[in-house]
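Subject: Structure for your review

Dear colleague,

Please find below the structure we discussed, together with its sequence. My notes on what was found in it follow.

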Amino acid sequence: MAADPDFLLPLDVIAVGSSLIVPDLFRPVAAVIEDGRVVRWLTWPGAELPQRAIEEAEAWPCTRGVWVVYRSDGVDGEQRTAVFVSLTGDTFSVGLGDRRPRGTDDGGLWIGDPRDPDAWMNDSDSEVKVRPDTLEWADVGPFWPDRATWTEATDAATADEDRDDDETENDDSTGDTHGTLEWSIELADDDDIAAEVADFVPSPPAATPPTDIVRISPDGERTVVRVDHLVTSVEVVDGFLLLEYHPTGPRFVLSDGYGSDFVYEPRQVRVDITKGLPTEVRTDLLTSIAVTWDEDAWEREVEAREARRAPWIERLDLAGLDGASWPPARAIARLRGEFDELARTGVMWTRGIDQPQRVRSDYRDLEVRVEGTWPDTEVVVTFEHTAVPFLRLRRRYRVFDDAGHPRDWTYVTTYLEKDIATGNIPLRSEAVNGILEI
C-alpha cells in the first residue's frame, strides 16, 4: 500500500507500557503515541544499514522498546542490521551479518543460524560451502563470437525477424508443421506408478548441527549460547529460557495415493536462567516437549499486524520533521549496491556432471558511477553483455524524484536483465562511439 510521502506508513504498532511506538516501514522515524496522540518523534537517520537495498523491515517488540530489523538480499545471501529504539529516543544500531532474529527479551535481541530446518531433509549436506575459485569452468563458449566471422544483422532485417518470431509464437493453427520439432511424452500407467511408490523408501533427514544463539543488548554486549541443534525460536518466560529447536530436518513421507509431504518435528526445552544464561545447552540431556507445527501461524500474524497498522495509515504527518529520511548518500549507496553482483562468477550444476562448476557472468567490465547533485543525482551503469556483441551498454537511473525523495528501484537488476533478454533496447545503429544507451 502506498501512502503520501509526508505521512508515516506504519511498519507495526508496538505497545510499551501504556505507550505505543509506531515505526515507519521505509524511513528512520517512529511516533510515540499516548492517549491517541503523538507525544514525540524518534529518528535514527545515522543508523547502520545493509550495504545493499533494503528488501524488508521487521519490528521485534520488547518491554523497553522495539528492535527494527532491516534485511537486504544478495548473491551471497541475506544481510541484516538492527536498530533498537526506546521510548525516550535512545537508539542503538548493529550489523547482524546473515544471522536471523529468533526472539527478544528484556536483555536484548536474540539472533541465530539463518538456515531453515529443510536444509537438513533427506540427508542433504547443508554444511557444504562452495568456493567458486576452486571449481572447474563450465564449457560455455566465448563471451562474444569471433569478430572476423560475425556478421551484424541490419536493423531492418532484425526487425523483420522479430516480427516473424512474434507471428510464429502467436500462431495457433494446426496446418503446416514443416520445420517444427515433433515430440511426444509417454505417460506411465497407474500400475507402473504404484510399483514405483511401493518400492520407494525415503531416506531419513539429517540431524541439525550445533549452532550459536546470541543475545545482543541495547548497549552492544553480546552473550553467546551454544546449542546442540538448530534453534528457530527463543523466548524468556518467568526465569526460563524457552528454546524451540529442530533435532533433524523434516521427514519426507508418502501421503494417500501418489502424493508426498514433509513433516516438521520441532521440540522445546526449558532452561532455568535465574542464575544467569548458560554458555551451552544440550537438548538431548533435557526433557523436551513436541511443538505443533502451525502452517497457518504466519498468515494469522500478518492479519493481526495489518489490523494494528490500519488505524494509523495516513494519520501521522511527517511534514517538516528533521531526520525522518535516510541521508541522500544512503539512497545512492543502496541503488549503487544493487549492481555489485552482476559481473560476479556464479556456480551451477549441469546434468551429467556430478559436481558444481564455475560459470561466468553474462556481464563484464562493469562500471558504476554517480553523476549530478541532489535531487538530480543519477547512478550510471556501463557494461558489456554476451547478448550484444562488440558494444558497451549504458543505463542511467535517477535516484530521487523531483521532491528529493528516494525512488523505489526494487528488482532493478531483474528488469535490466529482462530488457536485454527480450531485446527491449534501442537498435545497434543508435550506438555512439561504441556505447548504446539503453
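Strand 10 and strand 11 (residues 211–216) run antiparallel and are joined by 3 bridges. Within this pairing, Leu109 has Ile216 of strand 11 as its bridge partner. Strand 10 is also joined to strand 9 (residues 100–105), again in antiparallel fashion, through 5 bridges. Asp105 has Gly108 in strand 10 as its bridge partner, and the hairpin that links strand 9 to strand 10 passes through 2 residues. Strand 10 itself, residues 108–112, is mostly covered, with 5 of its 5 residues buried.

Please bear in mind that this is a predicted model. The mean pLDDT of the protein is 83, and 82% of its residues reach 70 or more. Two stretches call for caution. Over residues 123–128 the pLDDT is below 50, and this stretch has 13 contacts in the model beyond near neighbours in sequence. Residues 156–160 likewise have a pLDDT below 50, with 1 contact beyond near neighbours in sequence.

Strand 1 is joined to strand 2 (residues 19–23) by 3 bridges, and Ala15 stands opposite Leu20 in strand 2.

Which residues touch the most other members of the largest nonpolar core? They are Phe339, Val379, Phe383 and Leu416, in a core of 22 residues. Two or more residues of this core come from each of helix 4 (328–337), strand 22 (363–371), strand 23 (378–385), strand 24 (388–398) and helix 5 (412–421). Strand 24 gives the most, with 4 residues. Leaving aside residues up to four places away in sequence, Phe339 touches Leu366, Val368, Val379, Val381, Tyr397, Val412, Thr413 and Leu416. A second, separate core has 19 residues, including Ile14, Ile21, Ala57 and Leu87.

Helix 4 deserves a separate remark. Its residues Ala331, Ile332, Arg334, Leu335 and Gly337 are buried. The buried residues of this helix pack against strand 22, strand 23, strand 24 and helix 5.

Finally, some details of backbone geometry. Most residues other than glycine have a negative phi, and most peptide bonds are trans.

- Trp374 and Pro375 are joined by a cis peptide bond, with omega about 5°. Pro375 is placed in the loop between strand 22 and strand 23.
- Asp238 is not a glycine, yet has a positive phi of about 50°. Asp238 is found in the loop between strand 13 (230–237) and strand 14 (240–246). Its relative accessibility is 72%, so Asp238 counts as exposed.
- Glu314, also a residue other than glycine, has a positive phi near 60°. Glu314 lies in the loop between helix 3 (297–309) and helix 4. Its relative accessibility is 45%, so Glu314 counts as partly exposed.

With kind regards

Definitions and conventions. Residues numbered from 1 in each chain as written. Predicted model: local features only at pLDDT ≥ 70, side-chain atom pairs only at ≥ 80, totals over all residues. Heavy atoms only, no water. Pairing = 2+ DSSP bridges. Core = buried A, V, L, I, M, F, W, Y, C linked by side-chain atoms within 4.5 Å. Buried < 20%, exposed > 50% of the residue type's maximum accessible area, 1.4 Å probe, protein only. Contact = heavy atoms within 4.5 Å. pLDDT = per-residue confidence, 0-100.
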